[in-house]
Structures are given as structure tokens and as C-alpha cells.
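Open the model in your viewer and keep the sequence panel beside it. The stops below say what to select next and what is there.

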Amino acid sequence: MRAPLRPPSHRRRFVIGLACALLLGVGVSLALLTAARTAERHQLASREAVVTLRALTGLIERAEAPPPAEEGGFADELAGLDTPAEEPAEEPAPDEPGEAVRRAAARFAAAHPELRSVRVVTFEGIRLEASTDPADTGARAAPRRLEREEKDVYDQGQRLRAAIDENREAVAGGGSPINPEIAVQELADGGLSIAGPVESGGATVGMVQIRTAPNPAVRPPAPAWLPALLAWLAPVALLALLGLAIGERRTVLAAAALVLLAAGLFGFSRWVLGVLEAERRETARQLAAHVNEQREIAGQLLTEIDSTGAAPLDPLRWDVDLYRVPRELVTAEGTLDEGRLGEQIRLDAGRLTRSVAVLAVLALVLLTFIGFGGAAATGRSLVRYRAAYAYTLPAILAMTLLSFFPFFYGIALSFTNANIYNSNKPITDLWVGLDNFISILSDFSIARSTADGLVINYNNFYWTLGFNVVWTIANVVIGVTLGLILALILNTRGLALRPIYRVLLILPWAVPNYITSLIFKGMFHQQFGVINQIRQIVGLEPVAWFDGPLTSFAAVLTTNGWLSFSFMMVVSLGALQSIPSDLYEAAKVDGATRWQQFLAITLPSLRPALIPAIILSVIWTFNQFNVIFLVSAGEPAGATEILITKAYRLAFEQYRYGYAAAYSMVIFLILMAYGIFQNRATQATEAIGE
Amino acid sequence: MNRTRSGELPHWPLHLFLLLMVVITLYPLFWVLTIAFSGGQSLSISDLPPDAALGDRLRAITPWPKHFSVSNFRSLFADQPFARWMLNSVIISAATTFMGVFLASTAAYAFSRFRFPGRRAGLMSFLVSQMFPGVLMMIPLYIIIVQWLGLGSSYVGLVLVYTVTAIPFCVWMMKGYFDTIPRELEESALIDGASQATIFFRIVLPLAKPAVAVTALFSFMTAWNEFIQAATFMNKEEMYTMPVGLRFFVGGFSQQWGYFAAGSIVAAIPIMILFLFLQKYLVSGLTAGAVKG
């Protein structure tokens with residue numbers, strides 16, 4: 001277990017260090033490359049499917065809206081869909097659009113062996129307009145009304161419609177689209193289910209859904225072992241050889257290892273970039289070919305459907321992202337836009353360079369750690385203190401995974417716009433920098449004057465902060481005063497029934513505070529609450545406690561006062577009982593009055609116990625979630641919300657995780673600042689006291 | 001003795017004040033008892049006619065049931081899923097207690113007995129973790145436990161969350177106690193050929209029984225009384241813990257005050273008894289922790 005007597009070999013350490021560092025750098029790069037290539041292939045599959053969907057949608061939209069109806073849009077659509085159901089025999093003509101849609105869908109599906117099914121849903125009348133799904137035959141054949149168990153299909157369409165409206169508003173307001181307008185879902189067998197909207201005259205009138213068979217393009221890329229092995233082992237072998245010449249000179253060894261590490265990683269990342277670029281070009285080529293093929297098929301079908309005069313298809317709008325913004329990779333002539341492609345490849349290169357830079361730093365740390373003997377020392381102490389580490393491991397592991405990691409993850413979240421819909425995306429995609437903090441802290445519109453006088457914006461951060469501070473101070477003052485008075489009384493010598501009073505007065509602390517809060521919520525009920533009934537006996541009007549900020553504050557303050565004075569009383573009583581009584585006797589001999597005794601003996605003796613108790617109760621009250629959440633629930637309109645209940649609502653009622661995390665971070669910083677200030681202040685008073 | 005000092009004041013004003021405080025303290029508790037044993041779901045003790053006389057009004061605020069009935073308790077368990085919620089609370093609290101005591105006692109033993117690199121950092125990190133604000137932790141924890149691990153509405157998820165909440169306090173508390181146990185006992189056992197594990201489980205843990213008991217009760221109470229995390233992590237009604245269930249009775253548009261009151265008594269009585277026995281340790285533990293921080 002003791003350190004070896006033989007001096008450590010620097011040469012060996014640096015060779016091992018370089019091997020490990022390069023293994024980390026090259027290995028992770030290789031994994032990233034494989035992941036990127038796989039993602040690229042999956043994306044190609046989904047982009048091809050989207051192109052197919054959009055081509056089909058183009059056909060359907062033209063089939064649904066015959067030339068004369070084109071300007072009429074939605075209204076004509078209604079007429080066209082409603083009439084056949086009511087009077088099918090007399091007017092066969094309006095049935096035409098539906099028939100045309102079915103024909104288009106069937107032909108389209110026939111021309112695409114890779115399509116498992118095509119379904120067209122019309123919102124008006126909740127109809128399944130067309131379907132080539134094998135399940136939709138016989139009695140279930142289209143057209144028909146969607147059934148109850150197909151509600152999710154209809155809901156999906158409604159989601160798309162809502163997304164389009166919302167995005168349109170967001171874009172008009174100068175923002176970027178929020179919700180996807182095309183739903184892509186991977187099926188269990190590797191195929192895709194893709195749904196997109198059907199529009200007519202600017203309104204979303206239906207939805208097209210296709211299911212594709214697994215795309216043969218999606219196959220995992222073969223990992224390139226040879227270049228990786230070369231990039232890993234060549235520098236290591238070189239360092240071993242150089243080591244023969246360098247000998248045990250540590251600085252030179254470190255420099256050589258550093259150069260070789262940099263060279264190895266740089267060389268490998270160039271190669272990775274090349275592979276990635278080739279992959280990009282290949283998928284772009286395949287995509288362009290797919291677009292051209294669709295253009296041909298759809299163009300032919302359009303003439304077959306016999307929609308003379310229908311607007312020509314618009315293949316430029318087929319290759320789109322999920323917000324239906326064209327990616328503009330394929331030009332109108334059907335060739336690749338080299339500028340676009342180059343731009344994407346440059347973006348890739350930038351992203352890759354950043355990852356490799358991070359990796360290089362990690363690899364360098366590893367190299368230094370191993371090369372300069374850190375690893376050896378750590379390994380020795382791990383072995384030597386293995387019992388201690390084994391005992392602490394479970395707790396440390398649990399704390400790391402569920403306390404420290406979440407804490408840092410929470411900090412990272414506060415710089416993102418994560419919400420319930422996008423929280424599975426990588427954090428870098430959601431990064432918004434300091435936006436959350438700026439929007440929380442720079443909003444000073446606490447109140448504005450209107451015709452009815454001053455209107456306070458209760459949702460403003462500074463209102464909540466101010467309320468939180470007032471709430472804390474009021475509670476601590478009440479708690480300390482009441483607790484101290486009761487403790488002084490209970491400390492009176494010779495007072496009868498002292499133990500009974502003590503036990504009874506401790507009870508509020510023993511009741512779980514969520515129960516206390518719910519009890520008080522009941523007692524403050526406007527109509528049936530016992531507090532208003534007591535007021536009426538005294539001749540006062542009943543009060544709607546939670547309708548006004550002041551009365552609501554009074555209610556939560558009463559609740560918290562009731563449940564918090566016991567703690568202060570117990571702490572003060574303990575401190576009072578430990579004051580030796582001869583101090584008072586000596587004071588009496590010196591002729592001190594009772595008030596002088598209190599100031600000179602009682603208060604100073606209470607301080608060591610009271611100060612920590614006050615610090616604690618400030619923090620408890622500042623974060624007294626249950627009382628606020630359960631008694632007033634922030635009523636009226638968030639006026640009595642404190643910071644943490646507000647953060648909770650942002651996170652779990654509005655699902656704005658990123659914003660709420662930023663809000664919580666601000667709370668944390670406030671508490672930290674308070675802690676530091678408190679520490680200073682306590683030290684200062686202690687210094688004066690001594 | 002201060003006999004002469006206290007003798008200067010008459011005691012009756014003190015008693016008067018104490019009595020007033022006792023009435024204020026006990027009133028809400030009697031109110032709950034009254035509602036629980038009223039046999040109804042009403043929030044008021046007795047119904048008031050619009051032209052109620054003073055006697056009726058006084059009766060309405062007297063916390064004593066008009067008709068004594070245990071039907072609320074009976075149907076709480078028979079008609080409501082309260083037994084299930086109670087079982088959930090018991091399982092979760094027991095598992096938290098077990099995990100908390102196991103993790104905290106092993107770690108505290110190492111922190112107390114061994115001097116190893118990282119010891120100080122480990123102890124400090126436990127202390128620092130106590131300062132992480134609950135809500136800040138809840139957002140990432142919710143994403144990790146519910147969205148990544150899929151442990152929403154499960155015992156495991158909530159037990160993990162509670163255990164991590166309880167560990168730091170328990171570690172510090174147990175470490176303090178282990179420090180007071182003389183090392184000679186272990187050394188002689190070591191000479192007799194006992195293994196590290198034997199020493200820990202056969203000698204140290206039995207000696208540290210009082211600390212284990214306090215740690216266990218603290219972990220138990222953490223889990224038993226916790227409301228908001230349970231409310232957030234448990235979405236399914238059959239997985240509610242008692243606090244969430246009690247809120248369910250009177251939250252939103254639900255006004256089942258009788259069930260709430262009866263359930264509160266069932267949930268609070270055991271914990272209140274434990275608390276009254278334990279509060280001495282809690283006070284010293286809390287204030288000691290605050291001074292260290």
C-alpha cells in the first residue's frame with residue numbers, strides 16, 4: 001500500500017496519459033461522428049417523407065378547390081362539404097371535390113410503393129375524406145365521420161391548426177414560429193407517420209396524414225475504425241519512440257505529448273469534417289433527386305385528376321422545416337443550391353470545431369493529470385482509503401445524481417427557454433442567454449395610473465419581492481415578540497401550571513403546517529368561516545378575506561403567526577432557563593431595577609440562541625410555501641404570492657421551465673446575499689459583544 | 001432563587017394572557033375535532049338562519065359537535081381512497097427512513113472515523129446542498145425523474161427525492177454522534193479480528209441507537225409531512241400521499257370538510273406525538289446546524 005520506492009517513470013506516465021487523452025478525444029469524436037451521420041440519415045428519411053407529404057398536400061389542395069371556388073375559399077368549402085350529406089341525390093355536382101380528393105389520394109398512394117397509407121381528414125363535419133389505409137375498407141371506408149376512438153387523429157389536426165394560427169401571430173409580432181406545423185412521429189417498425197395541414201384560401205381546413213415504410217436510407221453508418229485507430233495509436237507510438245531520445249526530462253516530455261495530442265486531435269477532426277461533408281452532400285443529392293421525382297409524379301397526377309386551370313404545383317415549398325419554412329436547398333430547376341449547401345457545411349464545421357475544442361481541453365486536463373502523477377496519487381489514495389470511500393460512496397452517489405447534478409442542470413435551464421414541449425431537446429438548442437433574467441429583472445412596470453386610479457401589476461417581480469420581504473419581516477417580528485413574551489412569562493418562578501401551558505403552547509409547532517394552512521383556509525371562508533361568524537357576534541360585517549390584498553395578507557399572516565410562535569418560544573425558554581440565577585441576585589444586590597436586569601442580563605444571554613433561531617425563521621418564512629400556496633393561493637390576482645410560490649406556478653402551471661428556473665435562481669441569489677450579509681452582521685455584533 | 005423577584009408581580013395577569021394564548025392555540029384544533037366528529041361535510045359548526053339570535057350565533061362558534069358521530073372516519077376508510085393514500089404514505093415514509101438511515105449512517109461513519117482526501121469537501125458539499133432552494137431543485141428534478149426516468153407517480157421517484165432531502169441533515173447529525181463514541185472499542189474489535197463491516201454493523205450502529213432513532217424519525221417526518229413535491233410528482237389519484245389527498249378533499253371546488261378534518265386527525269396524531277417527544281433534539285439539532293452554517 002505504500003508508495004513504490006522506485007522513482008516514478010515520467011516517460012511511462014506521459015505515454016499512458018497521451019494514450020488516455022487521445023482515446024477520450026478520438027473516441028468521443030468518433031461517437032459524435034457516428035451519431036451525426038445517423039441523425040443525418042434519419043433526417044433525410046423524414047425530409048423525404050415531408051416532401052412526399054407536401055407534394056400530396058399540393059395535389060389535395062388543388063383537387064379540393066376546383067378553379068371557380070378558388071377565391072371563395074373556406075365558405076365554398078363548407079357548402080361543398082355540407083350539402084352532399086343533406087341532399088346527395090339532387091345535387092351530385094358538389095360531391096365532386098371529395099371524389100377528386102379520393103381519386104388523388106388513391107393515385108398518389110399507387111404511385112408510391114413506400115407509402116403504407118394516406119389519410120385525408122376534413123375538419124368540417126369531422127370527416128375522414130379519403131383513406132388508403134387497409135383498415136379503412138368495407139364499412140369503415142372513406143368518406144365517413146371520424147369515430148370516437150379516432151379522436152386523437154382529429155385532435156392532431158386541431159393542434160396543427162392552432163399551431164399555424166399561433167405561429168402566424170408570432171411571426172406578425174416580429175417573433176419566430178413557436179409550435180411545429182408538421183407532426184413527425186417515428187413508428188415502432190422504423191417507418192414514419194407524418195401529418196400536415198391542408199389549407200384553402202388561407203384557412204386550415206383539413207389534415208393529410210401519411211405513413212411510410214422504413215426508408216432504406218436509414219441504416220447505421222459503419223464506424224470508421226481504421227482512421228480512428230491510426231489517430232489514436234500513431235501519436236502514442238511516436239511519443240514512445242521520442243521518449244527513448246528524451247529520457248526522463250519531464251518538461252520536454254510534457255511539451256512533446258502536448259504537441260502530439262494537438263496534432264492527433266486536429267488531424268482526426270479534419271478527417272471527421274471531411275466525412276461529414278461527404279455525408280451532407282450525398283443526402284442533399286438524394287433529397288434533390290427525391291424532390292424531382294415527386295415533382296414529376298405529382299405533375300403527372302395533376303393532369304390526370306383533370307383540374308384544368310388549377311394553380312401549378314410549387315415544389316419550392318415542399319422541402320420545408322417543421323414550421324413549413326422552405327429550406328431552399330433545391331432550386332426551381334431541381335438542382336442543388338451550392339451556396340445553401342456550403343452554408344450548412346460551414347455551420348457543421350463550426351459546431352464540430354466547438355465540440356472538438358471542448359474535447360481538447362478535457363483531453364489536455366486528462367493528459368496533465370496522468371502525466372504529472374495526479375492519477376497515480378489518486379489511484380494510491382483510492383486504494384489506501386478504499387474503506388472510507390466505500391462507506392461514503394452510496395450517499396455521495398445519491399447526492400450527486402439527485403442534488404448536485406439537478407442543481408447545476410437547473411442553473412443551465414435558467415439560460416434556456418425550455419418548456420414542457422421542448423424539454424427533451426438538447427439544452428444548446430434552447431439557449432437564450434440572459435434573456436430570462438433580463439425580462440424578470442428589467443421589468444419595472446409595477447404600477448400604472450388609469451382612470452380608476454393606480455393599478456398595481458401584481459405579476460411584477462418587484463411587487464412579489466417587496467411583498468415577500470414585508471411578509472418575512474412581519475412574521476419574524478410577530479413570532480419573536482410573541483415567543484419571547486411567552487417564554488419570559490413561562491420562565492416566571494413559582495408560576496402555577498407551567499408545564500401544562502408549555503405543552504399546550506407547543507402544539508401549533510407539532511401540527512403539520514399543510515394541515516394548519518388548510519384549517520385556516522376553512523376558518524377564513526367568507527360565508528361559512530368561523531372567523532366571520534365571530535366578527536358578526538361582535539357586530540362587524542363579514543369580510544371576503546381573499547378579495548383584497550390587505551385582508552388576504554392579514555389571513556396568511558394570522559396563519560403563519562399561529563404556527564410559528566411556538567418555535568421561538570421553545571428556543572427562548574431554553575435559553576432563559578440556562579441563565580444562572582445568581583446573576584440576577586448579584587444584580588439585585590447592586591440595586592439594578594428589573595428593566596436594567598432585563599437589558600444587562602436577559603437579552604445578552606438570549607442572543608446566542610435567538611440569533612440562529614431568527615436566521616432560520618427568516619429563511620423558513622421567506623420560503624413558507626405551504627401557507628401561501630394553500631391559504632391565499634396568491635389571491636387576489638397574485639397579490640399575496642411570494643417568490644417561491646410564483647416560481648412554482650411558472651414552472652408547474654404555466655410550464656415555463658426555463659423562465660421559472662431563472663426566477664428560482666434569482667431567489668437563490670437573494671438568499672445567498674442575505675446569508676452573506678447575515679454572516680457579516682452576526683460576526684460584527686459578536687465582536688461588539690465581546 | 002428569584003422568589004423575591006417574581007413575588008413583586010401578581011400572577012393573575014400572566015395567567016390571563018397565557019389563557020388567552022391557550023384559547024387561540026387550541027381553538028383551531030378543537031374546530032377540526034368538531035368538524036371531524038360532526039358527521040357532515042359542512043364547514044360551519046351549525047347552520048345559521050339569516051335572523052339568528054345571539055345564542056345560535058354563540059353555538060355556531062363553539063367548537064363542540066352538535067351530534068357526535070364517527071361516520072366521517074368510517075366512510076373516510078370505507079368510501080374514500082384514504083386507506084390507499086395512507087398506505088402510500090406509510091410505504092414512502094418507511095422506504096425514505098430506511099434509505100436515509102442507511103445512506104446517512106454509512107457516510108457519517110466514514111466522515112467521523114476516517115481521515116481521507118475529500119473528507120472536508122464532502123462534508124461541506126452536504127452542508128451547501130441544504131442551501132439549494134426547493135423550487136429551483138424541483139424543476140430539474142421533475143424533468144429528470146418524470147420526463148427522463150419515467151418515475152412520475154411511482155414510489156421510487158418520490159422516495160429518492162425525499163431521501164436526498166433528508167441525507168445532509170442526517171449525515172451531520174450522525175457524524176456528531178459517532179464522534180462521541182470512543183474509538184478504543186473498534187480498535188480492540190479490530191485486534192480480535194473483526195472486519196470493518198462487522199465493526200460497523202455489530203458495534204458502532206448498536207451504540208449509536210439514539211442517533212439512529214432521531215435520524216430515522218427525522219427522515220420519516222420529512223416524508224410523512226411533505227406536500228408540494230408529492231403533489232407535483234404524483235399525478236394519479238391512487239398514488240396520492242396523505243397530504244395530497246387531504247388537499248384533494250378541500251381544494252378547488254371540492255368542499256368535503258368532514259373528510260378533511262377526520263383525515264387530518266388520522267394523519268397528524270401520530271406525527272404530533274412523535275414530535276412532542278422529539279422536539280428537544282430537533283431544536284438543538286437545528287440551531288447547531290445554523291451556527292455551523
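This is a predicted model: local features need pLDDT of at least 70, side-chain atom pairs count only at pLDDT 80 or more; totals for chains, interfaces and linings use all residues.

**Stop 1**

**Stop 1: chain B as a whole**

Chain B has 14 helices and zero strands. Its radius of gyration is 25 Å, well over the 19 Å that the globule rule gives for 293 residues, so chain B is more spread out than a compact globule. Along the principal axes, the C-alpha atoms of chain B fill a box of roughly 85 × 65 × 35 Å. Of the 293 residues in chain B, 41% count as buried. Among contacts in chain B with a separation of 6 or more, 74% are between residues 24 or more positions apart.

**Stop 2: where chain B meets chain A**

Show both chains and colour them differently. The contact between them involves 79 residues of chain B and 81 residues of chain A. To find the largest share of the chain B side, select helix α14 (residues 257–292) of chain B, which gives 15 residues. By class, the chain B side consists of 57 nonpolar, 18 polar and four charged residues.

**Stop 3: the largest nonpolar core**

Which residues touch the most other members of the largest nonpolar core? Select A:Ala647, B:Ala104, B:Ile139, B:Val171 and B:Met174; the core they belong to has 128 residues. Helix α8 (residues 155–180) of chain B gives the largest share of this core, 16 residues. Both domain 1 (10–69) and domain 2 (75–184 + 210–292) of chain B give residues to the core, so it lies between them.

Centre the view on A:Ala647. Apart from neighbours within four places in sequence, A:Ala647 is in contact with A:Ala660, A:Tyr663, A:Ser664, A:Ile667 and B:Val135. A second, separate core has 44 residues, including A:Ala63, A:Val198, A:Leu287 and A:Val320.

**Stop 5**

Select strand β5 (residues 192–200) of chain A. Is this strand mostly covered or mostly open? Strand β5 of chain A is mostly covered, with seven of its nine residues buried.

One pair to pick out is A:Val184 with its bridge partner A:Ile194 in β5(A). The hairpin of β4(A) and β5(A) has five residues between the strands, and A:Gly190 there takes a positive phi near 100 degrees.

Nine bridges join β5(A) and β6(A), which run antiparallel. Across this pairing, A:Pro197 stands opposite A:Met207 in β6(A). The hairpin of β5(A) and β6(A) has two residues between the strands, and A:Gly201 takes a positive phi near 55 degrees.

Definitions and conventions:
Residues are numbered from 1 along each chain as its sequence is written. Chains are lettered from A and ligands numbered from 1 in the order in which they are written. Two residues are in contact if their C-beta atoms, placed from the backbone, lie within 7 Å. Helices (H or I, at least four residues) and strands (E, at least two) are DSSP runs, numbered from the N terminus. Ala, Val, Leu, Ile, Met, Phe, Trp, Tyr, Cys and Pro count as nonpolar, Asp, Glu, Lys and Arg as charged, and the others, Gly among them, as polar. The radius of gyration is taken over C-alpha atoms; the globule rule is 2.2 Å times the number of residues to the power 0.38. A residue is buried if 20 or more other C-beta atoms lie within 10 Å of its own, exposed if 12 or fewer, and partly exposed in between; C-beta atoms are placed from the backbone. Two strands pair if DSSP finds at least two bridges between them. A nonpolar core is a set of buried Ala, Val, Leu, Ile, Met, Phe, Trp, Tyr and Cys residues joined through C-beta atoms within 7 Å. Domain bounds come from an automatic or database domain assignment.
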